[in-house]
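Dear colleague,

Please find below the structure that I am handing over to you. My notes on its ligand surroundings, pockets and cavities follow.

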Amino acid sequence: MSETRVPTGLLDTFGRTATDLRVSLTERCNLRCTYCMPADGLPLPPADAVLTAEEVVRLVRVAVERLGVRQVRFTGGEPLLRRDLVDIVAGCAALRPRPELSLTTNAVGLASRAAALAAAGLDRVNVSLDSLHAATYAQIARRPFLQQTLDGIAAAAEAGLGPIKVNAVLLRGVNEHHAAELLAWCLERGHQLRVIEQMPLDADGVWDRATMVTAAETRALLSARFDLTPDATPREGAPAELYLVRDRAGGPVLGRVGIIASVTESFCADCRRTRLTADGAVRSCLFSAEETSLRTALRGGADDEGLAELWRAAMWAKPAGHGLDRGLVPAPSRSMSAIGG
Ligand code: SAM
Ligand code: SF4
């Protein structure tokens, strides 16, 4: 365990402190969402460059014990493709202070693993689901796995991995007209829909500011069927702007919907995130051009404080923001599936 506890966390020069860690567990995926990956997939890092379960748990331990990280979200690529996911979750659940553990997944294959993940200590899941229509799902994901995703969500609810957040990216002319239906479906089941603005993080480079569906449009699309009122609860660094949802005719609050306006109303000034890639690099921002490899130091025999110090230095240099809301289009050095969304 830690001999020297150093009081500083992951501060940056703009006064922000990161307490929320996104850990990518793999760059592999069983879907090929058009806004994320090319149809033929991406070149993968050599297998031995990807952190082992033990290495992941060690780095998460350093983050939790020495750097003040309180929330850990496993992502990818598709994290369910890691056969040792249960071991990773169990290892992180044993850390003290116990971090909150969540998983972002497309839920394909979750049906058979939800109970084991919950038993290992996973607290909740965020599931990507862009449409309830099989043809539209398959058009976006380039794979016909809608039913597997729905089964995965049902199993996660059954296993107590809630509140379940359902992430959707709206694409013009493809699924934006399904947004209100998706919200109704989530409300009926007690899940929280979160609509994410499409970011220029696709490997094909097809993102276009002029045609993306904005947060303002999303509000208008949902308001055709529901009444949305901003939720006054403080956001506390959460990326989603929350709205209370009622029927248009009035009545009780049916639930909440989140809108993540990463492009048009970016929240960089309050960002509390740090990221670890599957091959063990720290990224201070999704759009960073820079990263710091912890894997090299880890495998070179660095002690916990040495790793913590590298992580602090990487985060100290975190940029103020990506500038998308000011019309800039940063060119990240990796696409979404390779960073970990
Ligand atoms: N495979 C898992 C999944 O889809 O949930 C985890 C990784 S995925 C990269 C994480 C999240 O990033 C998903 O909710 C996905 O919709 C989102 N995402 C991927 N590419 C995006 C883009 N270009 N803009 C906005 N969100 C994106
Ligand atoms: Fe895979 Fe998730 Fe990217 Fe879709 S968004 S291709 S499921 S990593």
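The shell around ligand 2 consists of 5 nonpolar and 2 polar residues, with no charged ones; here Ala, Val, Leu, Ile, Met, Phe, Trp, Tyr, Cys and Pro count as nonpolar, Asp, Glu, Lys and Arg as charged, and the others, Gly among them, as polar. Its members are C29, L31, C33, C36, M37, G77 and N106, each with a heavy atom within 4 Å of the ligand.

This is a predicted model, in which local features need pLDDT of at least 70 and side-chain atom pairs count only at pLDDT 80 or more, while totals for chains, interfaces and linings use all residues. Residues are numbered from 1 along each chain as its sequence is written, chains are lettered from A and ligands numbered from 1 in the order in which they are written, and side-chain values use heavy atoms, with hydrogens and water left out.

The largest pocket holds about 680 Å³ of space. Pockets and cavities were found on a 1 Å grid over the protein atoms alone: a cavity is a set of points where a 1.4 Å probe fits but cannot get out, and a pocket is an open set with protein on both sides within 12 Å along at least five of seven lines; lining residues have an atom within 4 Å of a point. Points are joined across faces, edges and corners, and a volume is the space filled by probe spheres set on them. Of the 26 residues lining the largest pocket, K165, R235, E236, A238 and P239 lie nearest its centre. The lining divides into 14 charged, 6 polar and 6 nonpolar residues. Strand β4 gives the largest share, 3 residues; helices (H or I, at least four residues) and strands (E, at least two) are DSSP runs, numbered from the N terminus.

The second largest pocket, of about 220 Å³, has a lining of 6 nonpolar, 1 polar and 4 charged residues.

There are 2 cavities of 30 Å³ or more. The second largest cavity contains about 40 Å³, and β8, α7 and β11 each supply at least two residues of its lining. Among its lining residues are A215 and T218.

In helix α7 (residues 215-223), A215, T218 and L222 are buried, that is, under 20% relative accessible area (1.4 Å probe, protein chains only). They lie on the same side of α7 because they cover an arc of only 55° around the axis, taken from the directions from the helix axis to the C-beta atoms.

Kind regards

Technical notes. Buried means under 20% relative accessible area, exposed over 50%, partly exposed in between (1.4 Å probe, protein chains only).
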